[in-house]
Amino acid sequence: MINFFPVVCITQFGICPPKYLSVRNLASLPEIKSVRVAYRFPFTRQINVQLRTPLGTVGTPDQNLVWVADDDGVIFNQTNNFSLPLLVLTREFKLLDQLSQPEIQALKILSSASHLSSTRLVGQLNGSDLTFNLNATQI
């Protein structure tokens with residue numbers, strides 16, 4: 001089928017990367033939270049893509065790569081970026097795993113407190129107890 005309508009693809013951050021226009025099912029990409037298609041008069045199809053926003057990272061103590069989670073607790077990417085707060089957990093993760101409610105809450109607390117630390121904030125969740133150390137800088 002030939003598509004005669006121009007297609008505009010937009011995320012909350014701007015124009016979509018070119019690879020999004022070649023994917024049949026955008027919602028199947030782990031970094032995409034939702035997709036909405038609308039038609040604009042007269043002949044334009046607009047694809048509105050909401051990307052997942054990183055909240056923090058999770059991983060085990062011995063991992064070099066950690067997993068990125070959004071505010072819904074969905075694991076959507078793996079990274080070696082050490083600027084996001086890290087929640088150390090004892091279980092392994094894979095793409096599109098879902099964090100538990102206590103894990104999401106702990107990651108939200110770390111994310112909220114991360115601006116108080118001059119280094120990457122690392123926390124550990126043991127049962128319902130979250131522990132972390134702040135390495136604060138003097139302003």
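1. Contacts of L21. Leaving aside residues up to four places away in sequence, L21 touches V7 and C9, where contact means heavy atoms within 4.5 Å. L21 is found in the loop between β2 (14-15) and β3; strands (E, at least two residues) and helices (H or I, at least four residues) are DSSP runs, numbered from the N terminus. L21 is exposed, with a relative accessible area of 51%. Here exposed means over 50% relative accessible area, buried under 20%, and partly exposed in between, with a 1.4 Å probe and protein chains only. The C-alpha atoms of L21 and R120, 99 residues apart along the chain, are separated by 36 Å.

2. Basis of the note. This is a predicted model, in which local features need pLDDT of at least 70 and side-chain atom pairs count only at pLDDT 80 or more, while totals for chains, interfaces and linings use all residues. Residues are numbered from 1 along each chain as its sequence is written, and side-chain values use heavy atoms, with hydrogens and water left out.

3. The largest pocket. L21 also belongs to the group of residues closest to the centre of the largest pocket, together with V23, R24, R45 and I47. A pocket is found on a 1 Å grid over the protein atoms alone, as an open set of points where a 1.4 Å probe fits, with protein on both sides within 12 Å along at least five of seven lines; lining residues have an atom within 4 Å of a point. The space in this pocket is about 300 Å³, a volume being the space filled by probe spheres set on grid points that are joined across faces, edges and corners. Strands β3 (32-40) and β4 (44-51) are the elements that give two or more residues to the lining. By class, the lining holds nine nonpolar, two polar and two charged residues; Ala, Val, Leu, Ile, Met, Phe, Trp, Tyr, Cys and Pro count as nonpolar, Asp, Glu, Lys and Arg as charged, and the others, Gly among them, as polar.

4. The disulfide. C9 is joined to C16 by a disulfide, with S to S 2.0 Å; the rule asks for a pair of cysteine sulfur atoms within 2.5 Å. The count by this rule is one disulfide. The link of C9 and C16 is left-handed, with -65 degrees about the S-S bond. Both cysteines, C9 and C16, are buried.

5. The largest nonpolar core. This core has 16 residues, of which V58, I75, L87, L89, F93, L99 and L107 touch the most other members. A nonpolar core is a set of buried Ala, Val, Leu, Ile, Met, Phe, Trp, Tyr and Cys residues joined through side-chain atoms within 4.5 Å. At least two residues each come from β5 (54-59), β6 (66-70) and α1 (101-113), and α1 gives the most, with five. A second, separate core of nine residues includes C9, Y20, L26 and L51.

6. Not counting residues up to four places away in sequence, E103 touches L87, L89, R91 and L125.

7. Backbone points to inspect. The peptide bond from F41 to P42 is cis, with omega near 5 degrees, and P42 is found in the loop between β3 and β4. L96, in the loop between β8 (86-88) and α1, has phi near 70 degrees, a positive value in a residue other than glycine. L96 is partly exposed, with a relative accessible area of 49%.
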